[in-house]
Every structure is written in C-alpha cells, then in structure tokens.
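Reader: I have a structure open and would like to learn how to read it step by step. Could you take me through its features, giving the general idea before each case?

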Amino acid sequence: MSYNLLKGKRGIIFGALDENSIAWKTAETVYKEGGRFVLTNAPIALRMGTINELAEKTESQVIPADATSMEDLENLVAKAQEILGGKIDFVLHSIGMSLNVRKGRHYTEQNYEFTTKGWDISAVSFHKVMQVLYKQDAMNEWGSIVALTYMAAQRTFPDYNDMADNKAYLESIARSFGYFFGKDKKVRVNTISQSPTPTTAGKGVKGFDGFISFADKMSPLGNATAQDCADYTVTLFSDLTKKVTMQNLFHDGGFSNTGVSQEVIEAFTEE
Ligand SMILES: NC(=O)c1ccc[n+]([C@@H]2O[C@H](COP(=O)([O-])OP(=O)(O)OC[C@H]3O[C@@H](n4cnc5c(N)ncnc54)[C@H](O)[C@@H]3O)[C@@H](O)[C@H]2O)c1
C-alpha cells in the first residue's frame with residue numbers, strides 16, 4: 001500500500017549494499033511513495049554489492065562517495081541536485097563500520113587507528129554530510145535528515161564494542177547540528193534507534209543470533225524489521241512530521257522500555 005507521501009520530493013540515500021540493507025528497503029519504499037533520489041555508497045561497496053539492481057528498480061543514478069571524504073561529499077551533493085533538478089528534501093545516513101569489530105579486537109584491546117577510522121566512518125561522516133549540505137545550501141525548507149543508530153549508545157551491550165561510542169557521538173551530532181539546521185534552514189535532523197536487524201553490518205556483531213532472538217523476546221511487539229524501519233523513515237521524510245527534530249527515536253517494538261518479559265522470565269525459571 002502506498003500513500004504518495006513523498007510525491008515530488010528529492011533525496012540522497014547512503015548505505016544500500018545489498019537487499020538486506022536497511023537503506024535498500026528504504027529506497028524501495030521511498031520510491032513507492034513517490035520520492036526520487038540518488039543512491040550512494042563507498043566505491044569499494046559499489047564493487048562488492050548489487051546496488052545497480054536497486055538503481056534500475058528505482059530509476060536512480062548511483063554516485064560513488066566515501067562518506068569520510070569531503071571532496072567526494074561535495075561532488076555528491078552538487079551532482080545530486082543537478083540530476084534531481086533542484087534542492088534536496090530528504091537524506092538517509094545508513095552507514096556504520098567498526099574496524100575493531102571487523103578485526104576481532106576486544107573493547108579492552110582497541111587499536112586506536114581502527115578506533116579513529118571507525119569513528120570517522122560511523123559518526124563524523126554524519127557531520128561531514130550535513131556540513132556539505134549546509135554550506136551548499138542544498139536542503140529545501142522543511143527537509144528531513146535521518147541517521148540510523150542503536151541503543152548501545154545508552155546502555156551497554158558488550159559485543160557492540162566501540163560502535164556503542166560511535167553511536168553515542170552520532171546521536172549527539174544529530175542534536176547539535178539539528179539546532180543550526182532548524183534555526184537557519186528549517187530542516188529537521190533525527191536518529192532512529194533500530195532493533196537488531198540481520199544485515200551485513202548487523203551480523204558482524206559477535207553472538208548476533210542470540211542477541212536478535214533475545215531482543216525479539218524482550219519486545220512486546222517483537223523486533224522491528226528492516227522494512228518496518230523503511231516505513232518509519234518515510235514518515236520522517238514526509239510533511240506529517242515537520243516539527244520532529246533533534247530526537248533519538250526508538251524503533252524497537254518496545255524493547256527500550258521493557259525491564260523483563262514473560263518469555264525471558266520463563267527461560268530463566270527452573271522447574
Ligand atoms: N543491522 C542492525 O542490527 C542495526 C541496528 C541498529 C542500527 N543499525 C544501523 O543501520 C545502518 C545501516 O546498516 P545495515 O544494518 O543496513 O548494514 P549494511 O552493512 O547493509 O549497511 C552499512 C553500510 O555502510 C556503508 N559504508 C561503510 N563504510 C562507508 C564509507 N566509508 N562511506 C560510505 N558508506 C560506507 C557500507 O558500504 C554499507 O552499505 C548503520 O548505521 C547501522 O549501524 C543497524
């Protein structure tokens with residue numbers, strides 16, 4: 001079912017790697033709702049992934065950009081406006097990567113070069129994207145910028161490693177830049193704190209299978225899927241949420257406010 005919520009709107013979608021990616025589902029859903037956009041990802045991801053399939057399906061062009069490179073981002077934002085024929089209404093930042101996680105370094109044994117690189121990719125890139133949009137005055141009034149995050153920014157999930165710190169930083173950037181984008185350009189900036197989701201990035205977290213089923217049993221509504229996240233993001237890109245800004249919005253089936261569930265109690269009750 002579609003409601004044409006994004007008819008006439010133009011955007012940039014970062015982070016669609018394959019059909020499991022949250023950004024992939026979001027692109028498909030935004031397209032159904034009438035939005036048009038350019039897709040972007042790091043050059044290496046473009047070689048490894050299947051983004052062209054998505055581009056074809058959604059009549060989009062793909063512009064490579066490493067989200068840590070100001071030069072790439074400046075080129076991306078300028079080109080996106082050219083291709084789409086005007087300023088941008090929505091942006092999805094769906095990017096995350098920890099080198100410490102990838103290389104199996106424990107949180108207490110970090111390699112700080114990895115830490116810095118992961119922080120740049122996963123958190124500072126959000127600031128870089130917004131700074132370029134802001135300086136090029138590329139956003140339309142009442143536009144909407146969304147980044148994806150995880151609850152490890154508030155509570156400890158040991159195997160989430162340094163991504164927890166990156167997400168805390170990312171959420172802070174949303175508030176800080178959200179102030180200036182709101183005041184100066186009437187643009188809103190939010191983060192969505194999503195349930196564990198089986199994607200390439202998600203499955204990289206140690207013990208992911210146990211983790212995702214625990215979250216599911218702890219959430220009164222069950223885990224939010226990638227498609228659920230895409231649907232929620234569409235509402236934030238639409239004109240129905242114009243005054244929502246500088247928020248970290250939990251999209252997790254109720255997990256974040258649940259102390260314990262009946263299923264978890266039963267799993268720990270000795271008969
Ligand atoms: N999967 C989960 O359990 C989960 C839960 C909450 C939040 N998130 C967040 O959702 C977002 C999307 O992740 P996903 O789960 O769809 O996984 P994914 O692996 O499909 O997407 C991550 C994307 O980041 C891109 N990326 C990495 N380095 C980049 C760089 N230098 N420049 C540009 N792009 C780069 C990758 O190419 C990939 O497309 C991430 O921010 C992730 O932390 C995921």
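Predicted model: local features only at pLDDT ≥ 70, side-chain atom pairs only at ≥ 80, totals over all residues.

Reader: How many helices and strands does the protein chain have?

Author: Helices (H or I, at least four residues) and strands (E, at least two) are DSSP runs, numbered from the N terminus. By that reading the protein chain has eleven helices and six strands.

Reader: What radius of gyration does the protein chain have, and what would a compact globule have?

Author: The radius of gyration is taken over C-alpha atoms, and the globule rule is 2.2 Å times the number of residues to the power 0.38. For 271 residues a compact globule would come near 18 Å, and the protein chain agrees because it has 18 Å. Along its principal axes, the C-alpha trace spans about 65 × 45 × 40 Å.

Reader: In what order do the strands of the sheet lie?

Author: Strands of a sheet pair through backbone hydrogen bonds, either parallel or antiparallel. Two strands count as paired if DSSP finds at least two bridges between them. Here six strands form an open sheet in the order β2-β1-β3-β4-β5-β6, with parallel pairing. Its edge strands, each pairing on one side only, are β2 (36–40) and β6 (248–251). From one strand to the next the twist averages 20 degrees, where axes are lines fitted to C-alpha atoms, for helices over the stretch in contact, and angles run from 0 to 180 degrees between N-to-C directions.

Reader: Which residues stand opposite Ala147?

Author: Five bridges join β3 (residues 88–93) to β4 (residues 139–149) in the parallel sense, and His93 stands opposite Ala147 in β4. Six bridges join β4 to β5, again in parallel, and there Ala147 stands opposite Thr191.

Reader: How is β5 covered, and which way do its residues point?

Author: A residue is buried if 20 or more other C-beta atoms lie within 10 Å of its own, exposed if 12 or fewer, and partly exposed in between, with C-beta atoms placed from the backbone. In β5, seven of its seven residues are buried. Arg188, Asn190, Ile192 and Gln194 point one way, whereas Val189, Thr191 and Ser193 point the other way.

Reader: Why is α1 described as largely enclosed?

Author: Eight of the eleven residues of α1 are buried, so the rest of the structure largely encloses this helix. Among the buried residues are Ile22, Trp24 and Lys25. After α1 comes Gly34, whose phi is positive, near 95 degrees.

Reader: Is Ser125 buried or exposed, and what does it contact?

Author: Ser125 is found in helix α6 (residues 112–135), and it is buried because 25 other C-beta atoms lie within 10 Å. Two residues are in contact if their C-beta atoms, placed from the backbone, lie within 7 Å. Leaving aside neighbours within four places in sequence, Ser125 is in contact with Ala67, Thr68, Ile95 and Asp120.

Reader: Which residues come nearest to the ligand?

Author: A residue is near a molecule if its C-beta atom, placed from the backbone, lies within 6 Å of it. Of the 27 residues around the ligand, Ser21, Ala45, Gly96, Ala201 and Gly202 come nearest. Helix α8 gives the most to this shell, with three residues.

Methods. Residues numbered from 1 in each chain as written.
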